[in-house]
Amino acid sequence: MSALDGADVDAMQSLPVMVRHYRANQPIVREGDRPRECCVLVDGFCVRAKTTSDGRRQILSIHIAGDIPDLQSLHLHVMDHDLVTLTECTLGFISHVALREFTRRRPSVAEALWRDTLVDAAIFREWIVNVGQRSGLNRLAHLVMELRERLRVVGRVGGSEFELPLTQEQLGEAMGITSIHVNRILKQLYNLGVLKFQRGRITILDEAKFNDVADFDLLYLHLDPEL
Amino acid sequence: MLYHFHIAEDGRFVEDDEGQEFLDQNQVRNEAIEACISIAKDAFTKGSARRVEIDVRSESISVLKVVISLTIEE
């Protein structure tokens with residue numbers, strides 16, 4: 001988010017937040033819903049997804065602690081996709097009424113939230129490139145690198161390891177390939193000495209090789225609002 | 001029913017240890033075809049193989065095999 005001053009942060013902390021816990025693989029909001037609140041992901045992993053009429057699911061984005069994955073519902077009133085938990089999640093819900101009033105009172109917060117939706121769009125652009133143009137091997141490495149860099153910001157990366165609690169099927173849904181192909185890519189990444197994926201945890205085996213395969217440029221995450 | 005999708009690219013094998021549950025054989029067939037196409041695309045464009053096979057097994061018995069091979073005539 002962009003730079004907020006101390007008063008903004010204090011005011012934000014006084015917002016009425018309803019904390020709820022979700023089990024894994026549970027919908028938070030569904031396509032067609034008219035939510036009256038937005039949620040902040042406090043802990044866990046969730047995804048935005050769309051399912052075709054013949055039942056094929058595309059994961060559109062993966063969300064981690066600190067994200068506001070359904071911020072768009074503040075202005076786009078009917079959900080055009082699903083928001084679903086991947087793991088157990090703790091979510092903080094803020095009503096649209098409170099959030100709207102808050103952003104009117106505090107323009108710098110409104111700007112920060114606007115910026116957040118723009119970064120969201122930048123990540124979608126990168127995902128289009130990833131799904132459309134990169135080979136399976138590069139695509140998976142790129143996705144892993146993106147998540148590592150985002151998880152690093154919220155202090156969830158320890159050394160060369162981090163938690164990525166997706167199944168091979170879910171990784172496939174995020175990349176537009178079958179879990180069979182994901183299995184082949186993961187074995188290849190391990191055999192090449194790039195990374196290991198085991199029980200929802202990634203271990204980077206060789207940073208230089210990982211950088212090489214991921215074809216990753218950090219710019220699109222716009223992590224530094226001052227830049 | 002649990003199905004295992006074993007991959008062979010030229011002579012190199014990738015075993016599917018976990019397997020996947022499917023209710024009907026049509027879904028199994030579609031999954032195998034789709035996987036074979038996308039793996040073949042990666043392998044052929046990279047030049048790492050000219051033949052990709054997916055051998056689908058259930059309880060060690062071969063259910064079906066999908067084979068895609070590349071021929072270039074210049």
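**Note on the predicted model of chains A and B**

1. Strand β9 (residues 161-163) of chain A and strand β11 (residues 201-204) of chain A are joined by three bridges and run antiparallel. Within this part of chain A, A:E163 stands opposite A:R201, a residue of β11(A).

2. Turning to helix packing, the axes of α4(A) and helix α5 (residues 168-175) of chain A come within 11 Å and cross at roughly 100 degrees. An angle from 65 to 115 degrees counts as roughly perpendicular, and α4(A) and α5(A) are therefore roughly perpendicular to each other. On the α4(A) side the contact involves A:R139, A:L140 and A:L143, which meet A:L171, A:A174 and A:M175 in α5(A). By class, this contact has five nonpolar residues, one charged residue and no polar residues.

3. At the level of domains, chain A is divided into domain 1 (6-119) and domain 2 (134-221). The centres of the two domains of chain A, taken over C-alpha atoms, are separated by 25 Å. Eleven residues from domain 1 of chain A and twelve residues from domain 2 of chain A take part in the contact. Which element gives the largest share of the domain 1 side? It is strand β5 (residues 57-63) of chain A, with four residues. The side of domain 1 of chain A that touches domain 2 of chain A has seven nonpolar, three polar and one charged residues.

4. The contact between the chains takes eleven residues of chain A and twelve residues of chain B. On the chain A side, the elements that give two or more residues are α4 (136-153) and α6 (179-191) of chain A. Of the elements on this side, α6(A) gives the most, with six residues. The residues of chain A that touch chain B divide into three nonpolar, six polar and two charged.

5. Chain B has one helix and five strands. What is the order of the elements of chain B from the N terminus on? They run β-β-β-α-β-β. Taken along the principal axes, the C-alpha atoms of chain B fill a box of roughly 45 × 20 × 15 Å. Of the 74 residues in chain B, 26% are buried. Among contacts in chain B with a separation of 6 or more, residues 24 or more positions apart account for 49%.

How values were computed
Residues are numbered from 1 along each chain as its sequence is written. Chains are lettered from A and ligands numbered from 1 in the order in which they are written. This is a predicted model: local features need pLDDT of at least 70, side-chain atom pairs count only at pLDDT 80 or more; totals for chains, interfaces and linings use all residues. Domain bounds come from an automatic or database domain assignment. Two residues are in contact if their C-beta atoms, placed from the backbone, lie within 7 Å. Ala, Val, Leu, Ile, Met, Phe, Trp, Tyr, Cys and Pro count as nonpolar, Asp, Glu, Lys and Arg as charged, and the others, Gly among them, as polar. Two strands pair if DSSP finds at least two bridges between them. A residue is buried if 20 or more other C-beta atoms lie within 10 Å of its own, exposed if 12 or fewer, and partly exposed in between; C-beta atoms are placed from the backbone. Axes are lines fitted to C-alpha atoms, for helices over the stretch in contact, and angles run from 0 to 180 degrees between N-to-C directions. Angles under 35 degrees count as roughly parallel, over 145 as roughly antiparallel, 65 to 115 as roughly perpendicular and the rest as oblique.
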